[in-house]
Amino acid sequence: MKISQSEVGNFDKYIEELQQGKILSEADIKIVCQKAKEILQDEPNVIQARSPLTIVGDIHGQFHDLMELFRIGGKLPDTNYLFMGDYVDRGSQSVETFSIILCLKIRYRDRITVLRGNHENREINKIYGFYDECFKKYGNEIVWKHFTDVFGYLPLSALVENTIFCTHGGLSPALESVDQIKGLNRIQDIPHEGAMCDLLWSDPEENKPGWGVSPRGAGWTWGADITDKFLHNNKLKQIARAHQLVMEGYQHVHNRKTVTIFSAPNYCYRCGNQACIMEVDDQLKFNLYFILLKLRQ
């Protein structure tokens, strides 16, 4: 689905307004969410992504840090991006963050991949800030409902050049192959268990093999042996995921076959962590770029 020239102008205007620190009107949010759903519904559960591109982890409503991220990584459409979810909650500007991500997806659909995170779910973001922020900024829950309708359309994973498997959380004992992900019904709230839940909730475990019970109460922990088996079965080389606060902004585990990317610096405006984005060049080499810690009142 292509967007018309008049729509291009409208979405450029929305992007400019958001970059200036404004929020879109309720009517404009409805237009953005409707158009985003039309585009996202045509995308499969597993996106085939081409390098070079830049992989991004959790943002969590830290809008100014997202703007800094684009300054460091390059603006669309000059740089291709793969976002691994968690655009909302915790930070104070989830509305602006998810608005601009959707506008960029509509405007440059082939240049940006927008995956789902575990916070792109009604049950979670009603608790961790997004619902309250929408209500505070718009005086009702209508905008929150427009946004949450989009969440189910976000793809669950991506393959970069059939070499790097990207998803928000991690692996699942219910999934031996990437092909199995293609058959999941994603247009729903995230279930409390099963393959879709695990993709968005699981965490790697460095010190124990096999599957373990997750302290999060959803998903699993998985060891280096599970990574090796999954990569071998699917003829892949690497897993890239987000979901966990890591103080350096990135962390390699499982003999460097799994990498965590976290892109919200000074998470919750108090954690003191660095943040990172990972560029994958056309030779599939990794370059890490750091979003420097900026303390804000």
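Pro77 lies in the loop between α3 (63–73) and β3 (81–83), and a cis peptide bond with omega of about 5° joins Leu76 to Pro77. That's one detail of a predicted model, where local features need pLDDT of at least 70, side-chain atom pairs count only at pLDDT 80 or more, and totals for chains, interfaces and linings use all residues. Residues are numbered from 1 along each chain as its sequence is written, and side-chain values use heavy atoms, with hydrogens and water left out.

**Overall build**

- The protein has ten helices and 14 strands; helices (H or I, at least four residues) and strands (E, at least two) are DSSP runs, numbered from the N terminus.
- A compact globule of 297 residues would have a radius of gyration near 19 Å, and the protein agrees with that at 18 Å. This radius is taken over C-alpha atoms, and the globule rule is 2.2 Å times the number of residues to the power 0.38.
- Taken along the principal axes, the box filled by the C-alpha atoms is roughly 50 × 45 × 40 Å.
- Of the 297 residues, 58% count as buried. Buried means under 20% relative accessible area, exposed means over 50%, and partly exposed is in between (1.4 Å probe, protein chains only).

**Aromatic rings**

- There are 15 aromatic pairs. Rings of Phe, Tyr and Trp (its six-membered ring) pair if their centres lie within 6.5 Å; planes under 30 degrees apart count as stacked, over 60 as edge-to-face and the rest as tilted.
- Take Phe98 and Phe151: their ring centres are 5.3 Å apart and their planes sit at 50°, so this pair is tilted.
- Phe98 belongs to helix α4 (residues 94–107) and Phe151 to helix α7 (residues 142–151), so the pair ties together parts that are 53 residues apart in sequence.
- Over at Tyr131, the charged end of Lys126 sits over the ring, 4.8 Å from its centre. To count, NZ of Lys or CZ of Arg must be within 6 Å of the ring centre and within 35 degrees of the ring normal.

**A nonpolar patch on the surface**

- Trp211, Val213 and Trp220 form this patch, and together they have about 310 Å² of accessible area.
- Patches are made of residues with over 30% relative accessible area and no salt bridge, with like charges joined within 9 Å and nonpolar side chains (Val, Leu, Ile, Met, Phe, Trp, Tyr) within 5 Å. A salt bridge is a side-chain nitrogen of Lys or Arg within 4 Å of a carboxyl oxygen of Asp or Glu.
- Trp211 is part of strand β8 (residues 211–213) and, at 32% relative accessibility, counts as partly exposed.

- Most residues other than glycine have a negative phi, and most peptide bonds are trans.
- The Ser51 to Pro52 peptide bond is cis, with omega near 0°; Pro52 is in the loop between β1 (46–49) and β2 (53–56).
- Lys235 has a positive phi, near 55°. You'll find Lys235 in the loop between α10 (224–233) and β10 (238–241), where it is exposed, with a relative accessible area of 73%.
- Leu284 has a positive phi too, near 65°. Leu284 is in the loop between β13 (275–280) and β14 (286–291) and counts as partly exposed at 29% relative accessibility.

How values were computed
Accessible areas come from the Shrake-Rupley method with a 1.4 Å probe; for residues, only the protein chains shown count as cover.
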